[in-house]
Amino acid sequence: MKLTAREKSELFGEGIVTIILLLLLNLSIYVLLDQLIESNPGLANGIFQIKMSLAFGPNHIQFWSWGWVFLTVMLILDVFIIYWRLLRRYRQMQLQHVIFELHYIADGHLDHRIPFRLQGDMQRVISSINVLVDSSLRAMEEERKIERSKDDLVTNVSHDIRTPLTSIIGYLGLIEEKQYRSEEDILKYTHTAFVKAKQMKLLVEDLFEYTKVRQTSTPLKLSQIDLGQLLEQLAISFELEAKKKNVVIQTGKIESKLLMDADAEKLVRVFNNLITNALKYGADAKTICIDAKKVSEKEIVVSISNDGKAIPKKSLAQLFDRFYRVESSRSKETGGSGLGLAIVLSIIELHHGYVYAESDDKLTSFIMHFPVNQEIELRREKIEEKN
């Protein structure tokens with residue numbers, strides 16, 4: 001830390017004042033001691049005897065006088081006092097600089113950090129302050145993000161519920177006001193209202209499921225499952241739907257006996273969502289591949305891929321955001337509730353795993369990593385909470 005010219009002047013002035021005061025104090029003590037010795041012959045004689053009996057070195061060097069001994073001792077003490085006094089004042093100046101920087105940050109300059117480095121405990125204080133400001137800034141940004149997310153949630157839910165609800169009210173209103181020409185019109189209106197009501201039900205169910213799995217306290221009904229067998233059964237259950245879309249589901253790369261701890265019901269929801277998405281949004285896809293293998297004693301990797309149209313790179317990072325859709329509109333004809341992949345992410349995180357997407361012109365893959373043993377992960381999580 002560099003001192004200002006004013007601070008250097010203050011430090012120099014304080015040093016001069018301290019030296020003058022110490023010189024006056026030393027002189028006063030010397031005069032008092034000298035008068036005391038002169039007025040006391042016994043004391044003077046004792047000092048003389050001590051002087052004659054003390055000799056140093058091979059040449060038997062003796063003290064010149066008690067005054068030189070006194071001055072030497074006082075000089076050493078003076079140097080120590082001056083050093084301590086100036087160091088104390090210098091640290092006070094450092095503290096004033098730190099306080100000034102803190103007030104500057106507190107005035108709203110949250111991008112500012114204390115720039116200088118000091119020695120010892122003061123540097124630890126400065127480092128702690130900078131870390132505290134960084135963590136506070138991250139917390140504020142996270143809070144803003146949560147607020148924006150809540151606003152988006154309200155906006156998107158309102159939009160997705162209002163659209164089918166408007167249609168339901170409109171068609172039922174036509175029936176209520178008898179604005180139909182035949183029974184066929186009534187059936188048409190009620191069918192449309194029924195379809196829209198099912199869309200609303202799907203959205204509400206997805207929203208409820210998303211809210212439930214987002215809570216870290218959500219309990220998992222853990223049991224040991226054979227993941228390979230589970231995936232093969234799911235593939236069979238989708239064969240009919242895939243055949244209608246001229247898509248083949250392949251499970252040739254699933255290892256046998258993939259035992260792991262998991263909530264089977266929630267994992268089924270994960271794989272259902274991903275396979276459904278591949279069938280619905282994998283434009284021009286001919287094949288859906290389900291692979292699963294144990295990459296280590298602690299981890300299993302599952303991937304669900306399709307050879308359809310690639311997902312734009314700018315969309316990959318946002319795929320798992322709630323209500324995000326790759327298409328720009330929020331049409332129910334091209335998109336679902338927008339919560340499917342957000343639910344996938346939340347359930348996988350509940351299992352202490354992670355998921356990401358990769359996409360190019362050949363293949364679009366959703367890759368999931370799961371720990372084999374949930375008990376180990378839960379113990380590790382508890383240890384981290386305690387620390």
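A: Here is a tour of the sheet, then its helices, then the confidence scores. First, the ground rules: this is a predicted model, where local features need pLDDT of at least 70, side-chain atom pairs count only at pLDDT 80 or more, and totals for chains, interfaces and linings use all residues. Residues are numbered from 1 along each chain as its sequence is written, and side-chain values use heavy atoms, with hydrogens and water left out.

The sheet is open and has 5 strands, in the order β2-β4-β5-β7-β6, with mixed pairing. Strands here are DSSP runs of E, at least two residues long, and helices are runs of H or I, at least four residues long, numbered from the N terminus. Two strands pair if DSSP finds at least two bridges between them. Neighbouring strands are turned by 15° against each other on average, direction ignored. Zoom in on β6 and β7 (residues 364-371): they run antiparallel and are joined by 6 bridges. One to look up is Val355, whose bridge partner in β7 is Met368.

Now for the helices. α6 (residues 227-237) packs on the sheet and touches β2, β4 (287-294) and β5 (299-306), where contact means heavy atoms within 4.5 Å. The direction of α6 makes about 170° with that of β2; angles run from 0 to 180 degrees between N-to-C directions, with axes fitted to C-alpha atoms, for helices over the stretch in contact. Helix α10 (residues 340-350) also packs on the sheet, touching β6 and β7, and its direction makes about 25° with that of β7.

α6 has a helix partner too: its axis and that of α8 (residues 264-281) come within 11 Å and cross at roughly 45°. The two are therefore oblique to each other, the label for angles that are not under 35 degrees (roughly parallel), over 145 (roughly antiparallel) or 65 to 115 (roughly perpendicular). Leu227, Leu230, Leu231 and Leu234 of α6 meet Leu267, Val268, Phe271 and Asn272 of α8.

How far to trust it? The chain averages a pLDDT of 81, and 86% of the residues score at least 70; pLDDT is the predictor's confidence in each residue, from 0 to 100. Over residues 328-335, pLDDT stays under 50. Where pLDDT is low, the predicted coordinates should not be read in detail.
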